[in-house]
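Here's a quick briefing to read alongside the model. Keep the structure open and follow along topic by topic.

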Amino acid sequence: MSKEISNELINQFNQEYHDRKEAKVLERTVTKNGILNASRNLAADIQSTPVFSIDLDTGDVANQKQSGRCWMFAALNTMRHDMKNQFKVPGNFELSQNYTFFWDKFEKSNWFYENIIKTADLEPDDRKVAFLLNEPQGDGGQWDMLCALIEKYGVVPQSVYPETYNSSKSREFDTLLNEKLRKDAITLRKMVRDQASEDEIQSRKEKMLSEVYRMAAYSFGEPPVKFDWEFRDSDQVYHREAGITPKEFYDKYVGWNLDDYVSIINAPTTDKPFNKTYTIEMLGNVVNGRPVKHLNLTMKDFKQAAINQLKAGKSVWFGCDVNQHSEAREKGLLDLDAFAEDELFDIDLSMTKAERLDYKESLMTHAMVLTGVDLVDGQPTKWKVENSWGKKVGEKGYLVMSDAWMDEYCYQVVVEKQYLTEAQRKAQAEDPTVLKPWDPMGSLAYKD
C-alpha cells in the first residue's frame, strides 16, 4: 500500500530545516541569485585557461543560430578545416549547412513514411509507433547520417546556398512538417490496413514527398544542381569553378573517403560490452544509405583515438551532453567543478556514467569539434573545443573542456580508422548488434 506524506512528517522536515544554522542564509542567497549563481565555483575558471600543448588553427567559429544543426556544423567544420589546409580558403569560409539541412528534411520525411508503412500492422499506442509519431523528424542527427547525405548529394559552399530565415530559425518549419507527416501517417496506415497494393502506397507516398519538397524549397530555397564558385585564397590568388555539381565539388575540394571515418562511443552500460559494434533500429535518414554504426571502447581508448588524430593535425567531431555541469553559453567552460550544487544543498548527486545512461539522466545532446588538447606527461588535462554558437561564446567561440568532464559526459568521437589499433579496426568491421529505437546511443545531437 502506498504511504502518504503525513503532517507529522512535514513537521519533522521543517524542524530539521530550522536546525541547520546556515539554512536561512542560504535561502536568502539562492532565492535572490538562483541555484547556479549561488553555487558557482571560480576555481574552475582558473584551472581552465585556454592554453593547449596541441592547438590546431581552424579559423572562425560558425553560428547555427536557432536551429538544432550542431551535428551538421561540426561535421562540415572538420571538412572545411581540411580545405583550409589544402586549398587555403579564407578563415571565414563555410560549407553550406542549409544545403545538407534541405536534403536531411526531405530524406527524413521518406524515412518516416517507410517506417510508418512497415509498422502499419501495429496499434498507434505500440511503443515503436508512438516513438515514430512523437517526433516524425527533427533537426538533430549523428555523424553517419551526415555521411549518408553527402554520399548522395555532395556539398556546396555557403556562398552558393546561403542561410535563410527558416534554416536559422527552424521551429516554424519543423512544427508544420511534423503536422503534415502525422497527417500523412494516418493515410498510409489506412492504405496498408485496407490492403492497398504496394504500387498504390508508393504512388501516394511520392505525392506526399512532392509536397515536402515544395515546403522545403519555399523555406530554404531550391538546392543547386550545378553552380559557379569563385574565391581568393589566403595568398590572394583568385580561383574560379564553373558548372560544377555538388558531388563533383565534394570530390575535388573535400575528397574524403567517408568509409575511413568511423564512430566510436563510450557507453559503459552492462548491455554493451566494449570492443563490439552497435546500431539502432529505425535510426537514420537516407533509405538504403549509410547506416549508423558505433564501436564501443573504454574511455582510455576512446580518448587515445582522438589524441592520435589531433596529433596528426586533424580536428575531431564529437558528441556530448553539453548542458551538464557547464558554463558553455557564458564562459565557454565544460567542467565538473563549474558549479557545486550538491554542496550548496548538502545532497549526494553522484552517479556513474552507466547509471546516468540507464536512468535517463544523460545522453548525447550536442556535437562540436575537438581542435586541441593539453597533454601533461602524456596525459590529457583539458581539451579545446570549437562550437557553433558564434564568436560571443567562450574565447571567440571556442570552449575549454576539462578531461574529467569528458570522462563523464562525452559519448561519441569520429576518427579515421588509421588512428585505431589493428584489433580495434577488426572489431569495428564486425556486424553490429541492433539496439532498440529508444536506446540512449540512438540519441540525436540537436542543441541550438
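In β12, K382 has S402 as its bridge partner. Bear in mind that this is a predicted model, where local features need pLDDT of at least 70, side-chain atom pairs count only at pLDDT 80 or more, and totals for chains, interfaces and linings use all residues. Residues are numbered from 1 along each chain as its sequence is written, and side-chain values use heavy atoms, with hydrogens and water left out.

**More on this sheet region**

- Helices (H or I, at least four residues) and strands (E, at least two) are DSSP runs, numbered from the N terminus.
- Two strands pair if DSSP finds at least two bridges between them.
- β11 (residues 379-386) and β12 (residues 398-402) run antiparallel, joined by 5 bridges.
- On the β10 side (residues 366-376), β11 pairs in the antiparallel sense over 7 bridges.
- K382 of β11 turns up here too, as the bridge partner of D374.
- The hairpin of β10 and β11 has 2 residues between the strands, and D377 takes a positive phi near 55° there.
- β11 is mostly covered, with 6 of its 8 residues buried (buried means under 20% relative accessible area, exposed over 50%, partly exposed in between, using a 1.4 Å probe and protein chains only).

- β2 (227-232) and β3 (238-244) run antiparallel and are joined by 5 bridges.
- W229 stands opposite E241 in β3.
- β2 has two faces: F227, W229 and F231 make up the covered one, while D228, E230 and R232 make up the uncovered one.
- There are 5 residues between the strands of this hairpin, and Q236 takes a positive phi near 70°.
- Q236 counts as exposed because its relative accessibility is 54%.
- Q236 and K272 are 36 residues apart along the chain, and their C-alpha atoms are separated by 52 Å.

**How α5 meets α12**

- α5 (residues 70-87) and α12 (residues 246-254) pack at an angle of about 60°, with their axes 10 Å apart. Axes are lines fitted to C-alpha atoms, for helices over the stretch in contact, and angles run from 0 to 180 degrees between N-to-C directions.
- That makes α5 and α12 oblique to each other (under 35 degrees counts as roughly parallel, over 145 as roughly antiparallel, 65 to 115 as roughly perpendicular and the rest as oblique).
- The contact (heavy atoms within 4.5 Å) is made by M79, D82, M83, Q86 and F87 of α5 and F249, Y250, K252, Y253 and V254 of α12.

**Aromatic pairs**

- What does a search of the whole structure find in the way of aromatic pairs? There are 22 of them. Rings of Phe, Tyr and Trp (its six-membered ring) pair if their centres lie within 6.5 Å; planes under 30 degrees apart count as stacked, over 60 as edge-to-face and the rest as tilted.
- F112 and Y113 form a tilted pair, 6.2 Å centre to centre with 55° between the planes, and both are buried.
- F87, F93, F227, W229, F231, F249 and Y253 form one aromatic cluster.

**Positive phi in other loops**

- Q195, in the loop between α10 (171-193) and α11 (198-220), has a positive phi of about 60° although it is not a glycine. At 72% relative accessibility, Q195 counts as exposed.
- N288 sits in the loop between β5 (276-280) and β6 (294-296). N288 is not a glycine either, yet has a positive phi of about 65°, and with a relative accessible area of 80% N288 is exposed.
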